Amino acid sequence: MDLLIRNIGQIVSGNINAPLVEGDAVLVKDGRITAVSHENSLNVSNVERIIDANGCTLFPGLIDSHVHVVVGDFTPRQQTLGFIESCLHGGVTSMISAGEVHIDGRPKNPVGLKALAIIAAQSFANARPAGVKVQGGGLILDPAFTEQDFKEVAEAGVKHLGEIGLGTVTDWALAGKMVGWAHKYGLKVMMHVGGASIPGSNVIGADAVLTAKPDVASHLNGGPTAAPLAEVKRIITESNIALELVQCGNMLALQNVARLIHRHDALDRLIIGTDMPSGTGVVPLGMLRTITAVTTFSDIRPEQAVAMATGNTASVYELRRGLIAEGYEADFLLVDAPVGSVAKDALEALAVGDIPGIAAVFIDGALKIGVSRNTPPPKRKATL
Ligand SMILES: [Zn+2]
C-alpha cells in the first residue's frame, strides 16, 4: 500500500444518498482508494507512508462544475496568474470548463471554435496546473455546426460543451438538435440560464432549457443575474436536468432555489460551481463559500452540500472521483473547524457559516499542499 490516513475524525463520502461513512482510516494504492474503514480492521503492515489526521474530517476533493478557464493557469478576464493554484488552496482538485470565452479575440466561426475547444481540452489533459484536474474544452456552439463537427471534436479529446447561450445559437430547437449530436458522441452539455449576454435576448428561461435538453442547467441563481423563480421551478419539475448553483451569482436567488430544490426532493440533481473568473473576480474560496451558503440558507445538511460539490458533479460528468469509496481516484482534503470558530469540527463550521480550515489536499493519493494559505488555519493539523 502507498498511503494510510489514520485518526480521521469523520468521513464525508460525497455520496448524496449516504453522505457520512463509518470509519477512521483510508488506504490508497496507485492513486486509488482501496479501503475506507476502521484502522483496526485493515491490514496496514506494508504501508509506505502514514499520515495522522489528528481528528480532522475527510472530504472528497471539491469539483468546481463551472470555471471559465482558457489555457494554463492564467485568466485574461482578471489578468491573474496562478488562480487555479489559489483554488487548490480552497480545496478544489477538479474543474469543469464552462467554455473558454475569455480568450482575447475569441474565434467566432466553426473552425476557430472547434480549434479553441480542442486546444483547451488537450492542453489541460497534458498539463495539470498545480496538479488540479481541469476538464478543458467546453465547445461553444455555432449555428453552422454539423453532426460531423461533434464527432471530430470528440475524437480529438473534447468531452463536453461549454454553456449553450454563450455562442451565437439562439434558436433553441437547433440547440436541441446539436445536444442530440453531442450526446451521440458522448459529450455532456451545460446551458446558461438567466440574464443573457446575447443581444436581442433578455433571459434564458425554462422554455429554452426544456427545448434544448442539456445535462446541466447552469447557475440557476444567476451568472450573475438570476432567472425568475417560476422559470427555475419549471426546470426542476418538468425535467431531470442537473441543477447548478454558483458563487458568482445572486445570493438571495441561491437561497430561494436551494430551498425549492430541497422541497422538490431533487438534492441528487444539485451541483455546485463558482462561475469564476468573471466580473466578480477570482474567488479561491468560492467552492467552500458556496457550500456554506447552500447549507446555511436552507435545511440542506453540510454533508449533503459537500456531496453537491463532489459526488453529484462527478456523476453528471461520469468521473471516477468525488467519492470517498473503494476504486475511486484518491482526491481528498483534511479539514477542520477554523481557529476561533464556535464549531468543533468542519461540518459544524459549515453549519454555522464558517469556512473550514484546510489541513491538507491530496490528488491521486499524492500530498499537494499542507495547511492552506487561503483558508483560516484549521484548529487541528494533520501530521504529514
Ligand atoms: Zn453563464
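**View 1. Helix 6 and helix 7 cross in a right-handed sense in this predicted model.** Their axes come within 11 Å and cross at roughly 30°. Angles under 35 degrees count as roughly parallel, so helix 6 runs roughly parallel to helix 7. On the helix 6 side, the contact is made by Leu229, Val232, Lys233 and Ile236, and helix 7 puts in Asn256, Val257, Leu260 and Ile261. Sort those residues by type and you get six nonpolar, one polar and one charged.

**View 2. Three side chains hold the zinc ion: Glu163, His192 and His219.** Glu163 coordinates through OE, His192 through ND1 and His219 through NE2, at 1.9 to 2.2 Å. Along the sequence, the donor spacing reads E-x28-H-x26-H. The two histidines tie together distant parts of the chain, 27 residues apart: His192 sits in the loop between strand 15 and strand 16, and His219 in the loop between strand 18 and helix 6. Both His192 and His219 are buried.

**View 3. Here are two cis peptide bonds, Gly223 to Pro224 and Met276 to Pro277.** For Gly223 and Pro224, omega is about 5°; Pro224 belongs to the loop between strand 18 and helix 6. For Met276 to Pro277, omega is near -15°, and Pro277 is in the loop between strand 20 and helix 8.

How values were computed. Residues numbered from 1 in each chain as written. Predicted model: local features only at pLDDT ≥ 70, side-chain atom pairs only at ≥ 80, totals over all residues. Heavy atoms only, no water. Donors = N, O, S within 2.8 Å, 3.2 Å for Na, K, Ca; no water. Helix = DSSP H or I, 4+ residues; strand = E, 2+ residues; numbered from the N terminus. Buried < 20%, exposed > 50% of the residue type's maximum accessible area, 1.4 Å probe, protein only. Axes fitted to C-alpha atoms, helices over the stretch in contact; angles between N-to-C directions. Parallel < 35°, antiparallel > 145°, perpendicular 65-115°, else oblique. Left-handed = near helix turned anticlockwise from the far one by under 90°. Contact = heavy atoms within 4.5 Å. Nonpolar A, V, L, I, M, F, W, Y, C, P; charged D, E, K, R; others polar.
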